[in-house]
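My notes follow in the order I took them.

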Amino acid sequence: MKADKSVDVEHLVFVDEPLETHEPRVHAAWLPPEAFRSLGARRVLVHGEGLLVDTVLDEVSRACARYGGRVWHSPSWDVDVDLVLALRDAGELPNPAVEAARSAGEAALAEIGRGEPLGEEGFLLAREGEVTVVLADAPAGLLYGLFHVVRLCAAAFDPARPPERHRPALRRRMLNHWDNVAVHPVMGQVERGYAGGSIFWRDGRPRGDLARVRAYGRLLAASGVNAISVNNVNVARTEALLLTDRLGDVAEIADALRPYGIRVHLSVSFAAPVLLGGLSTADPLDEAVRDWWAATTRRVYDRIPDFGGYLVKADSEGQPGPFTYGRDHADGANLLAEALAPHGGVVHWRAFVYNHHQDWRDRSTDRARAAYDHFTPLDGRFRANVVLQVKYGPVDFQTREPVSPVLAAMPATRLALELQVTQEYTGQQRHICHLGPWWGEVLRFAPWGPGGRTIADVAVGEAGAGGGLVAVANTGDDPFWTGHPLAQANLYTFGRLAWDPWRDPTEILGEWMTLTFPPSATADPELVRRTLHEIMDDSWRTYERYTAPLGVGFMVHPGDHYGPDVDGYEYSRWGTYHFADRDGVGVDRSRASGTGFAGQYPPYWAQVYESPRTCPDEVLLFFHHVPYSHVLHSGSTVIQHIYDTHFAGVEEVETMRRRWQTLNGMIDPAVYERVSERLDEQVRCATEWRDQINTYFFRKSGVPDARGRRIY
């Protein structure tokens, strides 16, 4: 920080006080107090009633107390204001200027809103004279409107700013926490958690830090998330009890999140009637089982009236499901949907179902085919409040996969696109890997051919009735929330894409930068912003370059999924093979000679993927076993591409580290040091990836690097 600056950086980027006396200070992420300066320096009137309106009033009051503004809550007298945050159905005010602003907002809405309501979460922002007005039909919309004003900073008060109407494209914007209540002997407190322990649970009990939970809800609301599940989809005995004996623990979390419009969901065991209810069966067609679920669900809603619903992983990787009773997934999902329907709840049923005891000698069984084969015959059989939750790729959250064909094959089923914010296969929050560009590619993918409907359209559905976006969360009790401070951008980007899946992720990244590194809190704002873009914009592709090539996937160390182990899964039961031999590499998934997976796509892409001549380079090895001498569309051979990208990837990470070092003294020292430590590890690990991958394929192929670089 420059010597003539009087700003206290720590108070700008951390919350004002520790959330509990025994807890470390918690990074404020994209809601540092400084982000509220433009709002807090003005005169604000909040007009309306309700729990979320109270939250708006509290946010505005704290901002004004910090930065010298004033706030009034209606009914109020005739005062001069700069900002009005009002519910449309709230009564008139004895304030001509405010009523004029409201009228102007209504006129703008009539003009640009096409007569459509704003809905439960929508809002309008407009200017009238010297007043900015935010109008909403419901308290949640007013809350989202407030956070929009915060994002805009001074631009929200620009006299020339045209009216804006905002409404989320997706009704449900949900995070799945893979948090265990009791510590798992292998996976720990959080399965695939790379940011410390759970925000909710510790050693079999509630963590008890509800202030931290509330702060988390605030961050989520400011990004657009409106639902979370609070426990792991792999439901063990202790976690199963959250549905019954320990429902009060879930209710406390729901109470803490409710002021920010976050609805709580619960992962449940399909075998709960046996585990918890003392029944001899969990058969979804058994009348006693149906009665048990109906009664249990009724008790849940008695305690948590705005409960969101259930999340289920069934008949997958050892979790119980309807197959035990000769039933299918529609039978299982509809059982829970029937219990939830009277209360307005939904069941998210995961499509991640496959044979996890595959024989590596068997070339006919293909894990990539599994979800399509299991679920597409059931299209049209799921109840309206069932959401089938489909991973973006057909295998398992790899750095690069083709988009799952299931997303184009079930037009009569509500489908949710499942992403993974936690970086299980993308560096585990030890590596900088901004996933927004990858998610953007998935959302823009047109499965019926260029120019047709996209995956974003599928998630939105007709009239917004689709399944929405869901992601596995990357947060924990680390002071920086996500372990790596720059990994916060993935969480923020997910929320903003869930609100508007057609937005440019790079634009969202810039929005996150401005909030998280406020210009007034940095010594050289332009340098900070430019450097962050240089480091993060292409970081996903950098990670792809130094890890598994051309869509082949995995090649990671089994178990922890971190670092290179080329043959780690090659002879395993998990069905994650690359089939590298002396002649070539890749999996033949063509219809003509392979597993036939390519044929699961609509005709346009089925034809493109069928042949190595037309298959995109990025997924070539996912669909085809090709010689090392095969020439890519780029003009390089497969083997030379492997060498070149892995050398380039390490060079790019080394450049990232050098660029980051230019920010020393420019930003908060705690953030700088944490990122520096992670970049050192990223350089080390990327080098290991480069050397192991290049050496492996040199020894397999016998083809030297055309550029003569050192390969071991």
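**Entry 1: rings**

I started at Y609, which is buried at 3% relative accessibility. I take buried as under 20% relative accessible area, exposed as over 50% and partly exposed as in between, with a 1.4 Å probe and protein chains only. For the record, this is a predicted model, where local features need pLDDT of at least 70, side-chain atom pairs count only at pLDDT 80 or more, and totals for chains, interfaces and linings use all residues. Residues are numbered from 1 along each chain as its sequence is written, and side-chain values use heavy atoms, with hydrogens and water left out.

F623 is buried too, at 0%. I then ran the ring search over the whole structure and got 33 aromatic pairs. Rings of Phe, Tyr and Trp (its six-membered ring) pair if their centres lie within 6.5 Å; planes under 30 degrees apart are stacked, over 60 edge-to-face, the rest tilted. Y577 and F579 have ring centres 5.7 Å apart and planes at 35°, so I logged this pair as tilted. Y577 is buried at 8%. F579 is buried at 13%.

Next I checked Y609 against F623. Their rings are stacked, with 4.2 Å centre to centre and 15° between the planes. Y609 sits in helix α19 (residues 603-610) and F623 in helix α20 (residues 620-623), so the pair ties together parts 14 residues apart in sequence. Helices (H or I, at least four residues) and strands (E, at least two) are DSSP runs here, numbered from the N terminus. Both rings belong to one aromatic cluster made of F445, F597, Y601, Y604, W605, Y609, F622 and F623.

**Entry 2: charges over rings**

Which rings have a charge over the face? I found R212 over W481, at 4.1 Å from the ring centre. I also found K391 over the face of F352, at 3.3 Å from the ring centre. The test asks for NZ of Lys or CZ of Arg within 6 Å of the ring centre and within 35 degrees of the ring normal.

**Entry 3: R263**

R263 lies in strand β13 (residues 263-267). R263 is partly exposed, with a relative accessible area of 31%. What does the side chain of R263 reach? It reaches the backbone oxygen of D306 at 2.9 Å. A polar atom of the R263 side chain also lies 3.1 Å from the backbone oxygen of F307. I count a polar contact as N or O atoms within 3.5 Å; within protein, one must be able to donate a hydrogen and the other to accept it, and residues adjacent in sequence count only if both atoms are side-chain atoms.

Beyond neighbours within four places in sequence, R263 contacts N226, A227, I228, D306, F307, G308 and G344. Contact means heavy atoms within 4.5 Å. N226 is 37 residues away along the chain, and its C-alpha lies 6.2 Å from that of R263.

**Entry 4: R350**

R350 is in strand β15 (residues 346-350). Is R350 buried or exposed? R350 is buried, at 2%. Its side chain makes a polar contact of 2.7 Å with the side chain of E418. Leaving out neighbours within four places in sequence, the contacts of R350 include W178, F375, Q389 and K391.

**Entry 5: L336**

L336 is in helix α11 (residues 329-340). L336 is buried, at 0% relative accessibility. Not counting residues up to four places away in sequence, L336 touches V268, W293, Y310, V312, V347 and W349. I looked up W293: 43 residues apart along the chain, its C-alpha and that of L336 are separated by 6.9 Å.

**Entry 6: the sheet**

I traced an open sheet of 6 strands, in the order β2-β1-β3-β5-β4-β6, with mixed pairing. Strands pair if DSSP finds at least two bridges between them. β2 (70-73) and β6 (164-166) are the edge strands, each pairing on one side only. β1 and β2 run parallel and are joined by 4 bridges. β4 (residues 123-128) and β5 (residues 131-136) run antiparallel, with 6 bridges. R127 has T132 of β5 as its bridge partner.

β1 is mostly covered, with 4 of its 5 residues buried. Helix α3 (residues 51-67) lies across β1 (43-47), β2 and β3 (83-87), at about 160° to β2. Axes are lines fitted to C-alpha atoms, for helices over the stretch in contact, and angles run from 0 to 180 degrees between N-to-C directions.
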